[in-house]
Amino acid sequence: MAGAEGDDSLYPIAVLIDELRNEDVQLRLNSIKKLSTIALALGVERTRTELLPFLTDTIYDEDEVLLALAEQLGSFTVLVGGPEFVHCLLPPLESLATVEETVVRDKAVESLRKISQEHSPVDLEVHFVPLVKRLASGDWFTSRTSACGLFGVCYPRVSSTVKAEIRQHFRTLCSDDTPMVRRAASSKLGEFAKVLELDYVKSDIIPLFTALASDEQDSVRLLAVEAGVSIAALLPQEDLEDLVMPTLRQAAEDKSWRVRYMVADKFSELQKAVGPEITKNDLVPAFQNLLKDCEAEVRTAAANKVKVFCESLPEDSRETIIMTHILPCVKELVSDTNQHVKSALASVIMGLSTILGKDNTVEHLLPLFLVQLKDEYPEVRLNIISNLDCVNEVIGIRQLSQSLLPAIVELAEDAKWRVRLAIIEYMPLLAGQLGVEFFDEKLNSLCMAWLIDHVYAIREAATCNLMKLVEKFGAEWAQNTIVPKVLGMANDSNYLHRMTTLFCINALSEVCGQEITTKHMLPVVLKMSTDQVANVRFNVARCLQKIGPVLDSSALQAEVKPVLEKLATDQDMDVKYFALEAISVLALA
Amino acid sequence: MSSGCLFVLRGFLCLIIKDGNLSLFLRLLVPCSSPYEIYLFFNLVCDPADVISTVEFNQTGEFLATGDKGGRVVIFQREPQGEYNVYSTFQSHEPEFDYLKSLEIEEKINKIRWLPPHNPAHFLLSTNDKTVKLWKVSEKDKRAEGYNLRDEEGRLKDLSTITTLQVPVLRPMDLLVEASPRRVFANAHAYHINSISVNSDCETYLSADDLRINLWHLNITDRSFNIVDLKPENMEDLSEVITVAEFHPHHCHLLAFSSSTGTTRLCDMRARALCDQHAKLFEEAVDPSRRSFFSEIVSSVSDVKFSHSGRYLLTRDYLTVKVWDLNMENKPVETYQVHDYLQTKLCSLYESDCIFDKFECTWNGTDSVIMTGAYNNYFRMFDRASLRDVTLEASREVCKRRAVLQPRRVCVGKKRKETDVSVDSLDFRKKILHTAWHPKENIIAIAASNNLYIFQDRLTPNGHHNMPEIQSAPPK
């Protein structure tokens, strides 16, 4: 009988084990995800001697199964018997680190890095380091690329002889035949440099960096840029000029735009790493060149960095550098031929006003904002409008409002609905900054016009916008300006517009409060319950459900209940359904 | 080798001159159990789906892949004895229907390109008109055994007999070769894809259609970058289409593409993200006095191949193959006539649409010999050093297993020899469009309709990598 009892508890595990090799990927995946359950049932001994050898050889599976397996094994230490036996996990992870699929390999390396910490220093040298060396000298590039990510975790914890070997292996991989391995080495160079002693950074890493940064493959060179940033951060200031700067200068002028793009993209990190002196002497001219680059992608990346770069300039010379070196380039970019460059610039240019202060902003930046507000591409104008708050703090928005209005009106009527949608989203922000008077005078009519846009997404956004405006300007303003117009649409001949009224009420009832809702909105909603279009009627039911909580109980009982009961007997199925739903939600039954 | 009769075609193909004629010693290796085999033995009407549409050796030459009109890919592996046998066959593409454009999409494989070796598995890209696929061909020689709840025949076990858990164990089994699709790169081409080419950085590749070239990352299927766009604003202004595009073998930033106007352009991807402006334009001025209605059609470039050294470009147009030095744009350094005798036949070739046939061309491993196809199941080889050439025939009648190929001669007018063939008796339905040359050895693969012929230099009989004894230095 004891045996039979055992069956019951064994059965679910037996199913899981069998499903490790089920034909259905999903079942295999489920099983792998519950690998810890299987291991727990087998015990540490059998996990080590049976389960892990089996897993080591099952690397023919689908990527998603292998990915899950690689992840599981990273937290398997307890299940094989603790840190003492953690090295048993190395064989399956080693084979996973050689598969062709990058995500699986990366996950295996991640797990290996994780369990490397659980190795004792002795185990690390006896088990882990030999694995890294095997991978590093593997026949296939897949294993060698994986090795690149493992040097960094074992280096700090091994003896100096092993350290020397590890450095040697890394050097070898940096000059590997295949670009894939050189790329992997290039991308891990910075990380590896961090764990090396400073002397070795100078004697080993710098030559490798220089070599990778002048590799024949563009894709290797561009990864060296990032490594250069990390290395620069490690070196004392006095060594930077000799050891790193020549290479970085060369990268900023590389023949390949992709490398220059990378420099532009990493410019703020670079600036931080090399410090103020080199920034002034080297990076400013380099940045100017990137802003004037012949490739639009590079200019875009550089334009994105304009604000951050200027912000981090040394304070004593910040204004002079911006005014004499950066601003002239920025002025040219404002009339760039490429829309992406202009729109990247438009998204950061407003930020310069806080750095330059009121007078400079009015004199130098304002003309540029105005040009961009009239740009032919909507995205450029939108980016300016979306960042108005920065300027508002410095010079107030009034200076801009003359140009702002035509720009907003044009965007509001743009033929592309996505553009209209984007400008709607900035309306509450604009309203806040321009003030209620300006808004009523100039923008209110736009907001109402969107309610009858022929694209649903715009009408929907417009209702949401009204709600946000009321949150800003208050219920009283709502009652005077927008509620009458919204309610007026209830008599429109187009049923879509009548429905918009209901949607607006849904959105506004809460912010407007009980009084306005009961007094002004509810009668209109109730009247619409006899609309001839079923869609309107069932939206009345939904609307009542929505605004119910705002109303007091007498209004609910006296006015809402009879109407919902009538709708519950409607001929249309959907009307009935929503009416009944509203009755039950509002507990009116 | 007997004395006095020896001539080496730049070290590789061994030719012997007899009575002023060239005879090439090649053996035919018939692939066993291939889908093409049956047609080698029975004179059946050929199924159009079996017509081979592309042939490609992998980087080591150990494998040879063919694609056909039926969307199948067949991979041959070289046996230790030197013969190529079928290794794997799989259906790469299926016929599809584009409902938006109301267009049928053929399953025909337009191009196959092998990826550099990753791991023990082999990877290749195959494409039809619209979709590129990345395939993995891998071997499996182990099988898991031992279920908990079932016996080996799959019958459920009596639950009461289960007292311990059993972990499956792997046992050796017969070798199983599996092909699995790893990536599908779709929806990026409005026109028909004519070329794919893997970059030397091994992480990107290009796909080219009639008007555009796109750049892909091998790991990313939902995004590609357009690097060349020839589509004019108004399609009525269309004056040329892209016929072929290929990456430079070593320089990751260089790519060449050719057009229907007979030009080949070299682009430098370092200079700009969009390569619409070329770095170099290879074009030969046409003698205005020889211009005719057919000039532009016959000058359309049907294939472009970089030499293995990366120094030269080989282009094929309807009547010639040309070798261009990348450093000289205004004229080719070498021009070889493939079938000059067709000059007078262009009118009838136009009527039969033959004039639009796209012949491919190929270099041998050391760039010393050029091969390209012709009509009547003939293919041509040109030795660049000696300027000698030979015409050979790949047909069932002459290619007996292990037979040595005899050179052919096409004559205009009166026959000079018994074996000569008159231009008028050439069969224009039998054409050799697709050829490939082993990257290291003198082994060539020739696709003629539904037949695949693999010939080997007679001097390397056992297929080992022994070079011919007499060899001159490869061109630098």
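Predicted model: local features only at pLDDT ≥ 70, side-chain atom pairs only at ≥ 80, totals over all residues.

Me: Why is B:Leu314 called buried?

Reply: The term buried applies under 20% relative accessible area. B:Leu314 has a relative accessible area of 0%, and therefore counts as buried. The residue belongs to strand E24 (residues 312-316) of chain B.

Me: Which residues does B:Leu314 touch, if those up to four places away in sequence are not counted?

Reply: A contact requires heavy atoms within 4.5 Å. By that criterion B:Leu314 touches B:Asp303, B:Val304, B:Lys305, B:Val321, B:Lys322, B:Val323, B:Cys361, B:Thr362, B:Trp363 and B:Ile370.

Me: Where does H25(A) have a kink?

Reply: The kink, of about 45°, is at A:Leu404, shortly before the proline A:Pro406. The angle is taken between axes fitted to the seven residues ending at a given residue and the seven starting there.

Me: Which residues of H25(A) are buried, and what covers them?

Reply: The buried residues are A:Leu400, A:Ser401, A:Ser403, A:Leu404, A:Leu405, A:Ala407, A:Ile408, A:Leu411 and A:Ala412. Their cover includes helices H22 (352-373), H23 (378-386), H24 (388-395), H26 (417-434) and H27 (436-450) of chain A.

Me: Which members of the largest nonpolar core touch the most other members?

Reply: They are A:Phe128, A:Ile349, A:Leu544 and A:Leu564, in a core of 230 residues. Helix H17 (residues 267-291) of chain A gives the most to this core, with eleven residues. Another core, of 30 residues, lies apart from it; B:Tyr312, B:Val323, B:Ala374 and B:Val423 are among its members.

Me: With which residues is A:Leu544 in contact, leaving aside its neighbours within four places in sequence?

Reply: The contacts of A:Leu544 are A:Leu522, A:Val525, A:Leu526, A:Val560, A:Val563, A:Leu564 and A:Leu586.

Me: What makes E11(B) and strand E12 of chain B a pair?

Reply: Pairing requires at least two bridges. Four bridges join E11(B) to strand E12 (residues 122-127) of chain B, so these antiparallel strands qualify as a pair. Within this pairing B:Ile112 stands opposite B:Ser126.

Me: Why are strands E11 and E14 of chain B called edge strands?

Reply: The open sheet has the order E11-E12-E13-E14 in chain B, with antiparallel pairing. Strand E11 (111-114) and strand E14 (169-185) each pair on one side only. From one strand to the next, the twist averages 25°.

Me: What makes strand E30 of chain B mostly covered?

Reply: Four of the five residues of E30(B) (residues 389-393) are buried. Strand E29 (residues 378-383) of chain B pairs with E30(B) over five bridges in the antiparallel sense, and B:Phe382 stands opposite B:Asp389. The hairpin of E29(B) and E30(B) has five residues between the strands, and in it B:Leu387 takes a positive phi near 60°.

Note on methods:
Residues numbered from 1 in each chain as written. Chains lettered and ligands numbered in written order. Heavy atoms only, no water. Helix = DSSP H or I, 4+ residues; strand = E, 2+ residues; numbered from the N terminus. Buried < 20%, exposed > 50% of the residue type's maximum accessible area, 1.4 Å probe, protein only. Core = buried A, V, L, I, M, F, W, Y, C linked by side-chain atoms within 4.5 Å. Axes fitted to C-alpha atoms, helices over the stretch in contact; angles between N-to-C directions.
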